[in-house]
Amino acid sequence: MTATAVPALTARSASRRREHVFYLGMALAVILVVFAGFARTYYLRPWFTADALRPLLHLHGVVFTAWVVLLLGQVTLVAGGRVGVHRRLGVAGMALASVLVLVGATTAIIRAKEGFAPPGGPPPLVFLIIPFADMVVFAALVGAGFAFRRRGDTHKRLMVLATISLLAAPIARLPFGVMEAGPPAFFGLTDLFLVPMLVFDLVTRGRIHPATGWGALAIVASQPLRLILGGTSAWLAFAGWMARG
């Protein structure tokens, strides 16, 4: 090994360690927010209410939890050099993502059919576009991540971004009046998770990775777009058709 090869190898090793630490930190931050947001209504529900949780919502909670735990597990496997296990588990991850989209969309539609809307929020069929669009954005990012599974730099960014796209729901339920503050609050707090992704790219690469840039743009652009479309006659007709199904 030449004298110049040793520093280059050391630099690559240090770069990989930085990436492992960063993505592990992002996964842990996601889990913390999910737990804090759903603690009262799901994880610690028996301490706050004696009402039983209906099976559909319990299934929703199990699937959502399984996804964020899987994210942490996958990041940990890569950090530990167990890439082969990571890839085999990724197949199960895609199946889980499909179930998450199905359960998430079904739950949102049924809740709208039952007349659910947050306090002070828009009518149920208008509000339905928010969780429904979450599933669309998540599915698009996960699908792209799976398509680029052989390109690790792209794959991992898309998978983390897909998970970030789901965080509006737990963030809206944080015990700080976020839900009452409306979409600007819970969307804005969700978008804060995009900042470290962008900064990490700039610091380590000198530029934003295309997956980070386009993925973050998809998440942010979808937020005002769904608020604009939610009150249109086309969406209300579509939402009404789904709710009647």
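Predicted model: local features only at pLDDT ≥ 70, side-chain atom pairs only at ≥ 80, totals over all residues.
# Charges, helices and aromatic pairs

The protein chain carries 22 positive and 8 negative charges, and their mean positions sit 11 Å apart. Residues are numbered from 1 along each chain as its sequence is written, and side-chain values use heavy atoms, with hydrogens and water left out.

**Overall build**

- You'll find 13 helices and zero strands in the protein chain; helices (H or I, at least four residues) and strands (E, at least two) are DSSP runs, numbered from the N terminus.
- The radius of gyration is 20 Å, close to the 18 Å that the globule rule gives for 245 residues, so the protein chain is as compact as a globular protein of that length. That radius is taken over C-alpha atoms, and the rule is 2.2 Å times the number of residues to the power 0.38.
- Along its principal axes, the C-alpha trace spans about 70 × 40 × 35 Å.

- Of the 245 residues, 40% are buried (buried means under 20% relative accessible area, exposed over 50%, partly exposed in between, with a 1.4 Å probe and protein chains only).
- The protein chain exposes about 12,800 Å², and carbon and sulfur atoms supply 72% of that; the areas come from the Shrake-Rupley method with a 1.4 Å probe, and for residues only the protein chains shown count as cover.
- Take the contacts with a separation of 6 or more: residues 24 or more positions apart account for 68% of them. A contact means heavy atoms within 4.5 Å.

**Aromatic pairs**

- The structure holds 13 aromatic pairs. To pair, rings of Phe, Tyr and Trp (its six-membered ring) need centres within 6.5 Å; planes under 30 degrees apart count as stacked, over 60 as edge-to-face and the rest as tilted.
- F132 and W235 have ring centres 5.8 Å apart and planes at 55 degrees, so this pair is tilted.
- F132 lies in helix 6 (residues 129-147) and W235 in helix 13 (residues 233-244), so the pair ties together parts that are 103 residues apart in sequence. Both F132 and W235 are buried.
- For F186 and F187, the ring centres are 5.0 Å apart and the planes at 70 degrees, so that pair is edge-to-face. F186 and F187 are both buried too.
- One aromatic cluster is made up of F132, W235, F238 and W241.

The contacts below leave out residues up to four places away in sequence.

- T107 sits in helix 4 (residues 83-113). With a relative accessible area of 7%, T107 is buried, and it touches L56, L57 and H60.
- M135 belongs to helix 6 and is buried, at a relative accessible area of 10%. M135 touches L100, V101, G104, A105 and L166.
- M135 and S233 are 98 residues apart in sequence, with 21 Å between their C-alpha atoms.
- A243 is in helix 13 and counts as buried at 10% relative accessibility. A243 is in contact with I109, K113 and L125.
- A243 and A185 are 58 residues apart along the chain, and their C-alpha atoms are separated by 27 Å.

Conventions:
Lys, Arg positive; Asp, Glu negative; His and termini not counted. Charge placed at Lys NZ, Arg CZ, Asp CG, Glu CD.
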